[in-house]
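Here is a quick tour of a protein chain, with an eye on its helices, its aromatic rings and its confidence scores. Have a look at the fold before reading on.

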Amino acid sequence: LALVAFNAIIPLMTVVNYSVQETFGDNLFFWEGIKWFEDVMRSERFHDALGRQLLFTLLILLIEVPLGVGIALTMPRQGIGVTICLVLMVGAMWNIFALPDIGLLGKMLNGVGFDYNFTQNPFWAWVTVVAMDVWHWTSLVVLLCYAGLRSIPDAYYQASKIDGATSWQVFRYIQLPKMKRVLTIALLLRLMDSFMIYTEPFVLTGGGPGNSTTFLSIDLVKVALGQFDLGPAAAMSIIYFLVVLLLCWVLYTLMMRNETN
């Protein structure tokens, strides 16, 4: 814990130091106060990146969580099928076949009549990035939900069978309430991970076409390393962190508000 705290606090204090000062190199700093925070909060560029980020997070949560729950419900509870399913979930990888000219996915979609080109069309860029993230991270939701389902005692299912409960009633009144804690963990993890997404859009689209897939993480790197505006980048990163913290707190509060244990 001390080691993790040390590795977290030192970089954070460095960012805080840069966020209230201006530097021109040679370790020379000039006090700026909250100027960079005001500039970031008034920046249309930041608002656009935040809007794209929130939309992306909403989309992947709406897709990955229900999909993960559905897959977990269909997985066998015992036997060799359990091992096979778990291996498939952990080992799933995204292979980039999306190039419209030579990629398998791009050629197939264009061959059936779609004008697919994620390098030039913002809609297809979004579809590709979202599909890539869903393929990559749905398995995490599946594994968490499956663990929650496996922890439900058989006595609950036996009682529901005696009472003549339907499959929907079993899910609504037994499985879903018992999965509440693992679903909360899954939602929080995916929320935080979605806000930290960088590799997928950077490798796939570079934030383009235009700025259509320039999320907060990519925009932050552009400000910090591309423009070398360390002060505004530090202020932006702190605001970025506070946004994620606030959203996680709101989500956790909503998920656990009726929890008595």
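Helices here are DSSP runs of H or I with at least four residues, strands are runs of E with at least two, and both are numbered from the N terminus. A word on the ground rules: this is a predicted model, where local features need pLDDT of at least 70, side-chain atom pairs count only at pLDDT 80 or more, and totals for chains, interfaces and linings use all residues. Residues are numbered from 1 along each chain as its sequence is written, and side-chain values use heavy atoms, with hydrogens and water left out.

**Overall layout**

The protein chain has 12 helices and two strands, and along the sequence they run α-β-β-α-α-α-α-α-α-α-α-α-α-α. Of its 261 residues, 39% are buried, where buried means under 20% relative accessible area, exposed means over 50%, and partly exposed is in between (1.4 Å probe, protein chains only). The chain exposes about 15,500 Å², with 69% of that coming from carbon and sulfur atoms; the areas come from the Shrake-Rupley method with a 1.4 Å probe, and for residues only the protein chains shown count as cover.

Contacts (heavy atoms within 4.5 Å) reach along the chain: among those between residues at least 6 apart in sequence, 66% join residues at least 24 apart. L12 and S237 are 225 residues apart in sequence, yet their C-alpha atoms are 9.8 Å apart in space. L12 counts as partly exposed because its relative accessible area is 38%.

Then there's S160, found in helix α7 (residues 154-162). S160 is buried because its relative accessible area is 10%. Beyond its neighbours within four places in sequence, S160 touches A165, V170 and I174.

**Aromatic rings**

Rings of Phe, Tyr and Trp (its six-membered ring) pair if their centres lie within 6.5 Å; planes under 30 degrees apart are stacked, over 60 edge-to-face, and the rest tilted. That gives seven aromatic pairs. One of them is F123 with W124, an edge-to-face pair at 5.2 Å centre to centre and 70 degrees between the planes. Another is W168 with F171: the ring centres are 5.8 Å apart and the planes at 40 degrees, so this pair is tilted. W168 and F171 both sit in helix α8 (residues 167-178), three residues apart, or about one turn of the helix.

| Residue | Relative accessibility | Class |
|---|---|---|
| F123 | 54% | exposed |
| W124 | 14% | buried |
| W168 | 56% | exposed |
| F171 | 16% | buried |

F56, W126 and F215 make up one aromatic cluster. There is a charge over a ring, too: the charged end of R172 sits over the ring of Y173, 5.1 Å from its centre. The rule asks for NZ of Lys or CZ of Arg within 6 Å of the ring centre and within 35 degrees of the ring normal.

As for pLDDT (the predictor's confidence in each residue, from 0 to 100), the chain's mean is 83, and 88% of its residues reach 70 or more. Over residues 91-96, pLDDT stays under 50, and the model has eight contacts for them beyond four places in sequence. Where pLDDT is low, predicted coordinates should not be read in detail.
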